[in-house]
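This report covers strand pairing and pockets in a single protein chain. The sequence and the model come first.

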Amino acid sequence: HKVLYDPHALFCDRCGARMERRFIPEEGNERDACPSCGYIRYFNPTPIVVAIIEHKGKVLLAKRAIDPQKGFWTLPGGFQELHETLAEGAARESWEEARAKISIQQLYIAYDIPFAGQATFAFIAHLESEDFSPGPESLDVRLFTEEEIPWDELSFRTVSIALRHFFADRKTGIFPVRSILLEQPENP
Ligand code: ZN
């Protein structure tokens, strides 16, 4: 896979000594390792959770107030926090970004994004209350019909892919869980 994200640890999280690259025979891999205390720093893909929030035939989008992609419309989402489930993360992000109370219906799309060291999980959810408003990371929050979706002003490829599948599947009422591999960066 092409690699955009290749993090390294300069100093040991445990004792503060300078890390060194070391080949770990048991893993067949090079890692950042501490020559002083033996600690090995692992870097793993980061899970991201997003919510496709449906209400009366419309989908809720938030306009981003922060970079990346400030000013573009997005599905509420963000990094999964420690000690929460994927679905809890999607609900939390929906509250933080759109002050939307939601009920998760199902997992819908799992995206592998190996070049970025990420995996994104999109859930279908229902809006529990028509009270919603921009959180601190959003400029605006609105419900859009399929025709109203600002396709040219969407934040990320994961968002446009999710919306296209969602509106296509809605015609049949069947929402199969998909696995989608993103192999290349959006703006190479
Ligand atoms: Zn150490």
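## Strand pairing

In this predicted model, Ala33 has Ile40 of β3 as its bridge partner. The strands β2 and β3 run antiparallel and are joined by two bridges.

Both strands belong to an open sheet of three strands, ordered β1-β2-β3 with antiparallel pairing. The edge positions are taken by β1 (20-24) and β3 (40-41); each has a single partner strand, so one side of each is left without a neighbour in the sheet.

## Largest pocket

The largest pocket holds about 870 Å³ of space. Its lining consists of 36 residues, and those nearest the centre are Ile48, Pro68, Gln118, Phe156 and Thr158.

Several elements each give at least two residues to this lining: the strands β4 (46-55), β5 (58-64), β7 (77-79) and β9 (118-127), and the helices α1 (86-98) and α2 (157-170). By class, the lining of the largest pocket has 17 nonpolar, ten polar and nine charged residues.

## Second largest pocket

For the second largest pocket the volume is about 390 Å³. The lining has 18 residues, with Tyr5, Asp6, Pro7, Arg31 and Phe43 lying nearest the centre.

Strand β2 (residues 29-33) contributes four residues, the most of any element, to the lining of the second largest pocket. This β2 is the strand that pairs with β3 through two bridges. The lining of the second largest pocket divides into eight nonpolar, six charged and four polar residues.

Note on methods
Residues numbered from 1 in each chain as written. Predicted model: local features only at pLDDT ≥ 70, side-chain atom pairs only at ≥ 80, totals over all residues. Heavy atoms only, no water. 1 Å grid on protein atoms, 1.4 Å probe; cavity = no way out; pocket = protein on both sides within 12 Å on 5 of 7 lines; lining within 4 Å. Points joined across faces, edges and corners; volume = space filled by probe spheres on them. Nonpolar A, V, L, I, M, F, W, Y, C, P; charged D, E, K, R; others polar. Pairing = 2+ DSSP bridges.
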